[in-house]
Amino acid sequence: MEGLDVMASGDTPAVARRLVRLAIRDARLAKGLTQSNVADAMEWSLSKVMRIESGEVTISQNDLRPLLGHLGIREKSRVDELIQAAKASKQRRQWWDQPKFAGLLTTAMKQWFSFEVEASAMRVFCTTYFPGFLQTPQFARALVERFDDVLTAEEITARIETRTLRRQAIEQRRSRPDARVLLDESVLLRTLGLPEILGQQLLEVLHMIDDGWLKVRIAPFTLANPGIGNWEIFFLGEEVPEHAILYRENGTTDEIVDDARGLQRHLSQWDKNWQESHDEEYSREMIEARASELLGIDKPADPRIRRGLLPPTPGVRP
C-alpha cells in the first residue's frame, strides 16, 4: 500500500461527509422538496444531488453555500460548521482508490471501507460465513469463487484482495475499534468443501482474539429467531444509533442502510442475540476444538463434549 494513507483514528472524512449529507437531506425533507426540485433550483443534474445525498461524492464549498441558503440553513454557526465539515470530507487517497480496483468494487463497498477505517466500534452478525475483514485469502477465494457465474475473474480477484487490505488497515490503526463478531454455529461447520481451509481460518480468528481487539461469540442452534443474512454495524463516535451505519451483504449484492428505524431494529436484534449466545471464553473453546478437529491437531475436544452436552466425535479425543 505504498503511497496510500491508512486512516488514523481522529481523522474522520467519512464522518464529516456523513454530517454534511444528512444535514442536506434533512433540510430538504423539512421543506418538502424532492431531489428533482433541488436539482432544478440549483441548475444541477439530478444524479449530482443523489450522489451528494448518498455520500458517494463530496460537495465543494462553492456549491454548498448556495445550497444551504436554498434549503433554509442560514444561521452563521451552522453554516460554518457544515463548511468546515465539507473541507474535512475531502478524504485522502486510500487503498480502494487504486486504479486496479476501478469498476470492480460496488459503491456501497467503497463507502463501507471508508467507514471501517474510522469506526470506533463494530457489531457484526454472520449466519453463513466469516465477515470479510476476518477472512484469510484462502477462505476468501473458496467463498468468492462460488459466484463465478455472476462475477468476472477481475472482480473475484479484487474482492479477495480487499479482505486482506481491510484487516491490514484495521491492524495498522493507532486505536483499533472495539470489534465484536457474532457467528452462527453453522459457520463453524461450513467447510466450503475444504476442511483445511476452514481449520486455518479458525486458527486465524483465534490469533485475532488473542491479539486483544476482537471478541467473538457463537450463537447456538438453540437460539430462537437469530435473524438471517450477514450484516455489520459501525459506530462513528459514540455508540448510539445516531452515530451508527448498517451494511448488509447477500452473496454478490450489498447496501448501506442509514435510516434510524432500520438501525434500531438491527441493533436491538444484535444486542439480544449477543446476550443469549455463548460467552467469549466458551466460544473460543468451541472455535479451538473445531480447528483441532479439522486440522488433526491434538487439542481439547469441543467443550460441550467435555461437559457431557454432546456425544464425542469419532476420532477426536474428549
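Trainee: Leaving aside neighbours within four places in sequence, which residues is Val216 in contact with?

Mentor: First, the ground rules. This is a predicted model: local features need pLDDT of at least 70, side-chain atom pairs count only at pLDDT 80 or more, and totals for chains, interfaces and linings use all residues. Residues are numbered from 1 along each chain as its sequence is written, and side-chain values use heavy atoms, with hydrogens and water left out. Contact means heavy atoms within 4.5 Å, and on that basis the partners of Val216 are Val181, Leu183, Val205, Ile209, Trp274, Glu280, Ser283 and Ile287.

Trainee: How many residues does the largest nonpolar core have?

Mentor: A nonpolar core is a set of buried Ala, Val, Leu, Ile, Met, Phe, Trp, Tyr and Cys residues joined through side-chain atoms within 4.5 Å. Buried means under 20% relative accessible area, exposed over 50%, partly exposed in between (1.4 Å probe, protein chains only). Leu214, Val216 and Ile287 have the most contacts inside the largest core, and its residue count is 53.

Trainee: Which helix gives the largest share of this core?

Mentor: Helices (H or I, at least four residues) and strands (E, at least two) are DSSP runs, numbered from the N terminus. The largest share is 7 residues, and it comes from residues 195–211, helix H9. A second, separate core of 22 residues includes Ile24, Trp44, Leu67 and Ala85.

Trainee: What is the strand order in the open sheet?

Mentor: Two strands pair if DSSP finds at least two bridges between them. The sheet has 6 strands and mixed pairing, in the order S3-S2-S1-S4-S5-S6.

Trainee: Why is one side of S3 and of S6 left without a neighbour in the sheet?

Mentor: Look at the edges of the sheet. S3 (214–219) and S6 (253–257) stand there, so each has a single partner strand.

Trainee: Which residue in S2 is the bridge partner of Arg123?

Mentor: Arg123 lies in strand S1. S1 (residues 121–126) runs parallel to S2 (residues 178–184), with 6 bridges joining them. The partner in S2 is Arg180.

Trainee: Is Arg123 buried or exposed?

Mentor: Start with its side chain. It reaches the backbone oxygen of Asp178 at 2.9 Å. It also makes a polar contact (a pair of N or O atoms within 3.5 Å; within protein, one must be able to donate a hydrogen and the other to accept it, and residues adjacent in sequence count only if both atoms are side-chain atoms) with the side chain of Glu239, at 2.9 Å. With a relative accessible area of 6%, Arg123 is buried.

Trainee: Which side chain makes a polar contact with the side chain of Ser186?

Mentor: Ser186 lies in the loop between S2 and H9. Ser186 is buried, at 12% relative accessible area. The contact is 2.7 Å, and the partner is Asp184.

Trainee: How far apart in space are Asp184 and Thr128, C-alpha to C-alpha?

Mentor: Asp184 lies in strand S2 and is buried, with a relative accessible area of 10%. Asp184 and Thr128 are 56 residues apart in sequence, and their C-alpha distance is 7.2 Å.

Trainee: In S6, which residue is the bridge partner of Arg248?

Mentor: S4 (residues 230–235) and S5 pair in the antiparallel sense over 6 bridges, and Arg248 in S5 is the bridge partner of Trp231. S5 and S6 also pair in the antiparallel sense, over 5 bridges. In S6, the partner of Arg248 is Glu255.
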